[in-house]
Amino acid sequence: MSDQHSLFLPCPRGLEASLVAEMEQLASPTLQVREPVASGVPARGTLADVMLLNLHSRIASRVLLRMGRAAAAHADDVYRLALALPWERWFTPQQTLRVDVTAERGSTLPPQGAAARPVWRSSVESAQSANFPDSLLFAALRVKDGVCDHFRRLGQERPSVDRQNPDVRIHLHLGAADALLYLDTSGEALFKRGWRAEHGEAPLKENLAAGLVRLSGWTPQDVFFDPLCGAGTLAIEAAQSACRIASGLNRTFGFERLAGFDAALWEGLREAARAMHRDAPAPIIASDIDPRMVAIAQANARLAGVEDAIEFKQADVMDAQPPAVLAAGQAGHIVTNPPYAERIEAKGSEADEFLPRLGDVLKRRFAGWHAGLLLADVHADRALRLKPTRRHVVYNGPIEGRFFTFALVAGRPARRIGEVTPPAEPA
Ligand SMILES: C[S@@+](CC[C@H](N)C(=O)[O-])C[C@H]1O[C@@H](n2cnc3c(N)ncnc32)[C@H](O)[C@@H]1O
């Protein structure tokens with residue numbers, strides 16, 4: 001349990017620094033957080049750290065435990081890597097497997113003997129996507145073959161594959177010239193918290209929402225308001241962190257099915273997390289023009305254990321007023337995700353009027369408040385007619401967006417500070 005392992009925590013692009021801050025807040029003496037790379041944070045830690053990260057990280061997509069790394073020019077190289085690794089330390093051949101693959105731009109992995117050709121276009125994509133290149137599916141197959149042959153060489157049976165409900169998930173990541181094999185200790189992705197009853201239109205993933213809440217600068221002592229709440233993801237993530245409800249308290253994890261799983265330690269960590277629960281220290285308000293969305297958001301909040309922490313309303317954002325009086329020293333934060341013109345319609349206004357009218361509402365009625373808006377249009381601040389304090393480049397799945405933050409000052413635009421981009425991709 002005290003052995004140190006190399007870990008990698010993938011996250012939505014643009015949230016790497018926020019994930020580092022979140023990991024450091026865990027204050028585990030055995031967890032060493034490394035410099036982030038594009039779409040994730042490397043670390044070293046014990047299996048207890050693996051449990052803590054899975055239980056508490058709101059921003060990571062998964063916690064991967066590195067099994068091995070090798071130079072890889074051909075799919076046979078990943079076969080040889082998989083064949084050599086000590087899988088029997090972690091699971092038995094009676095358990096079922098699934099292999100997932102991600103690849104960086106430019107990585108290519110033809111069968112031995114075939115000419116290398118560039119097959120990869122998007123930066124990081126998963127094997128479930130419809131346009132996943134055949135060569136990468138083939139690489140996943142070769143990993144599975146290597147794992148099965150490893151057990152055969154030990155005189156044991158071959159594990160079988162179960163794509164729906166595997167006991168063990170293996171993750172292959174192809175860099176430009178190397179291959180990394182990981183055990184996925186999370187199982188289902190961490191953004192699946194277990195509280196989403198219904199989605200509504202265009203919901204944010206929970207870990208992206210949690211990252212935006214953090215980037216907005218809101219703290220649990222401040223008033224939180226999402227006037228375009230949809231399924232309530234932003235308000236629910238804010239409310240769970242205000243109430244100190246660990247994001248992974250109501251779900252299971254892949255590590256629970258791995259050999260040597262310490263159930264007593266895990267129960268102790270969950271118990272300590274439950275003991276942290278408190279009431280939200282400040283108002284959290286969520287509204288939407290669509291009563292159906294308000295009902296969905298409320299149902300989700302109930303499942304997330306924060307229904308009492310959030311005040312829900314049905315309202316047009318164009319009629320919005322500050323929903324609470326700010327106490328001395330308290331800030332007010334609007335954190336929201338207005339409709340993306342190409343994905344979901346703005347209601348109550350023509351699409352091209354929506355952002356200028358919203359900007360006007362913010363400027364005229366929310367002087368002294370802060371606002372953080374996720375928008376797909378990288379120049380949306382022009383349509384809002386507000387000067388951002390920061391523009392964070394973030395990715396909502398494959399869609400590049402901007403999270404603009406504004407310090408709202410009546411009649412006077414805030415000073416522009418600069419654009420924050422994710423760190424460069426690793427060499
Ligand atoms: C992109 S969705 C928000 C998704 C949300 N962040 C989530 O994770 O589920 C935008 C929401 O704005 C709402 N909306 C559109 N026009 C509105 C208006 N004028 N006032 C209030 N809400 C509006 C839509 O009903 C929709 O739920």
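Author: Helices (runs of H or I in DSSP, at least four residues) and strands (runs of E, at least two) are numbered from the N terminus. This is a predicted model, in which local features need pLDDT of at least 70 and side-chain atom pairs count only at pLDDT 80 or more, while totals for chains, interfaces and linings use all residues. Residues are numbered from 1 along each chain as its sequence is written, and side-chain values use heavy atoms, with hydrogens and water left out.

Reader: Where is S39 placed?

Author: S39 has a positive phi of about 70°, although it is not a glycine. Its relative accessible area is 15%, so S39 is buried (buried means under 20% relative accessible area, exposed over 50% and partly exposed in between, with a 1.4 Å probe and protein chains only). Its place is the loop between strand 2 and strand 3 (40–45).

Reader: Is A27 buried or exposed?

Author: A27 is not a glycine, yet its phi is positive, about 50°. A27 is found in the loop between helix 1 and strand 2 (32–33). Because its relative accessible area is 60%, A27 counts as exposed.

Reader: How many aromatic pairs are there?

Author: Rings of Phe, Tyr and Trp (its six-membered ring) pair if their centres lie within 6.5 Å; planes under 30 degrees apart count as stacked, over 60 as edge-to-face and the rest as tilted. By this rule the count of aromatic pairs comes to 11.

Reader: What kind of pair do W87 and F91 make?

Author: The ring centres of W87 and F91 are 6.1 Å apart. Both residues are buried. Their planes stand at 50°, so the pair is tilted.

Reader: Which parts of the chain does the pair of F255 and W266 link?

Author: F255 and W266 form an edge-to-face pair, 4.9 Å centre to centre with 90° between the planes. The two residues are 11 apart, and the pair links distant parts of the chain: W266 in helix 7 (263–275), and F255 in the loop between helix 6 (233–242) and helix 7.

Reader: Which residues form one aromatic cluster?

Author: Let's start with the pair just described. F255 is buried because its relative accessible area is 6%, and W266 is buried because its value is 5%. The cluster consists of F253, F255, F261 and W266.

Reader: Which helix gives the largest share of the lining of the second largest cavity?

Author: By class, this lining has 10 nonpolar, two polar and one charged residues (Ala, Val, Leu, Ile, Met, Phe, Trp, Tyr, Cys and Pro count as nonpolar, Asp, Glu, Lys and Arg as charged, and the others, Gly among them, as polar). The largest share of the lining, three residues, comes from helix 2 (residues 47–56).

Reader: Which elements give two or more residues to the lining of the second largest pocket?

Author: The second largest pocket has a volume of about 600 Å³. Of its 21 lining residues, E22, Q25, R58, R214 and S241 are closest to its centre. The lining divides into nine nonpolar, seven polar and five charged residues. The elements that give two or more residues are helix 1 (16–25), helix 5 (206–216) and helix 6.

Reader: How far apart are the end C-alpha atoms of helix 4?

Author: Helix 4 (residues 134–153) is mostly covered, with 14 of its 20 residues buried. The expected span of a helix is 1.5 Å times one less than its number of residues, so helix 4 should span 28 Å. This agrees with the distance between its end C-alpha atoms, 28 Å.

Reader: How far is the charged end of R142 from the centre of the ring of Y79?

Author: A charge sits over a ring if NZ of Lys or CZ of Arg is within 6 Å of the ring centre and within 35 degrees of the ring normal. The charged end of R142 sits over the ring of Y79, and its distance from the ring centre is 4.4 Å.

Technical notes:
On a 1 Å grid over the protein atoms alone, a cavity is a set of points where a 1.4 Å probe fits but cannot get out, and a pocket is an open set with protein on both sides within 12 Å along at least five of seven lines; lining residues have an atom within 4 Å of a point. Grid points are joined across faces, edges and corners, and a volume is the space filled by probe spheres set on the points.
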